[in-house]
Amino acid sequence: MVQSKKQKYLFLAFCLIPTFLLFAVFTLYPLFSGLYYSFFDWSGSSQNKEFIGFANYIKLVKDAIIPNTIMHDYFLVVTKVIGIMILALFFAVALTQLKIKEAPFYRIVFFFPNIMSVVVIGILWTFIYNPSLGLINSGLEFIGLESLAKPWLGDETWALPSLVLPSIWAGIGLFMLMLIGGISNISKSYYEAAEIDGASEWQQFWKVTLPLIWPQIKISILYIVITTLNGSFIIVQVMTGGGPNNATHVMGSYLYQQAFVQYNFGYGATIGVMILILSLLTVLILQFFMRRDKVEY
């Protein structure tokens, strides 16, 4: 059916305007509101806001807790990227390249944590780490290693590393499925040709599988980084609340404490601006270092 230019423009407007309105309401408005409130001294619950200029940003620079929260966030980023990608890649290759009859069942099992709420996961692992009744300490005592048992979430040294295991456990399934999709699209003829040329299975993995699923790997890494920098505060709030002695505070949890516990909403908005800037810089740097030409065979 032939359409006039007016009909085409109306159709485009019909499709784009609702999307843009939703984007403006749920993304642009909070973004610019946070930037606006960062210049005020405001409790968040009163009508009185005092304009203080860059005082919140000066306070941010002098805040001794902020550098620790940044380091904690990037510690979780690095450990999650390494742990999730290694395990997700291993299971993806195993379930696609090895002839495992139960592969569909294992896909469901690995993906199951992804359908659980982060709050539920945090509560579950809090019980696992319980110093008296938890599975970890009980297991160590059962095999005669009770000397290694400790209050994992109450120890300043071990509290932050203890958050890594549940974070990795909860994230493997989604990225495993993404990698499985990439591996499944690789033609078997490539592996047959590599095998004829004398390539071992390990060489086939490095020279065929890995280059061809690089787009999925890149997307997975970026997604892990973004969700960690912007969402790791949830599991921190549930499992440790930022303690003990601020040992597990990340930028998001410290923002929550300042804005909604201490009612220093203006300073909390300033921390939010910092999170946005660091997230953008991190993604841009990763995009630069992970760029590579598209591989085709």
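This report describes the annotated domain, the aromatic ring pairs and the lysine–ring contacts of a predicted model.

According to the unreviewed UniProt entry, the feature "domain: ABC transmembrane type-1" covers residues 70–286. In the model, this span is 74% helix and 0% strand, and its end C-alpha atoms are 17 Å apart.

**Aromatic pairs.** Across the whole structure, 23 aromatic pairs are found. One of them joins Tyr37 and Phe265, whose rings are edge-to-face, with 5.9 Å between centres and 80° between planes. Tyr37 belongs to helix α1 (residues 5–37) and Phe265 to helix α13 (residues 265–289), so this contact ties together parts separated by 228 residues in sequence. Phe265 counts as partly exposed because its relative accessibility is 22%, and the cut-off for a buried residue is under 20%.

Another pair is formed by Phe288 and Phe289; the ring centres are 5.3 Å apart and the planes lie at 80°, so the arrangement is edge-to-face. Phe288 is partly exposed, at 46% relative accessible area, whereas Phe289 is exposed, at 63%.

Tyr37 and Phe265 also belong to a cluster linked by ring pairs.

| Lysine | Ring | Distance from ring centre |
|---|---|---|
| Lys49 | Trp42 | 5.2 Å |
| Lys59 | Tyr267 | 4.3 Å |

Technical notes: Residues numbered from 1 in each chain as written. Predicted model: local features only at pLDDT ≥ 70, side-chain atom pairs only at ≥ 80, totals over all residues. Heavy atoms only, no water. UniProt positions renumbered as here; feature names shortened; annotations may be inferred. Helix = DSSP H or I, 4+ residues; strand = E, 2+ residues; numbered from the N terminus. Phe/Tyr/Trp six-rings, centres within 6.5 Å; stacked < 30°, edge-to-face > 60°. Buried < 20%, exposed > 50% of the residue type's maximum accessible area, 1.4 Å probe, protein only. Lys NZ or Arg CZ within 6 Å of the ring centre and 35° of its normal.
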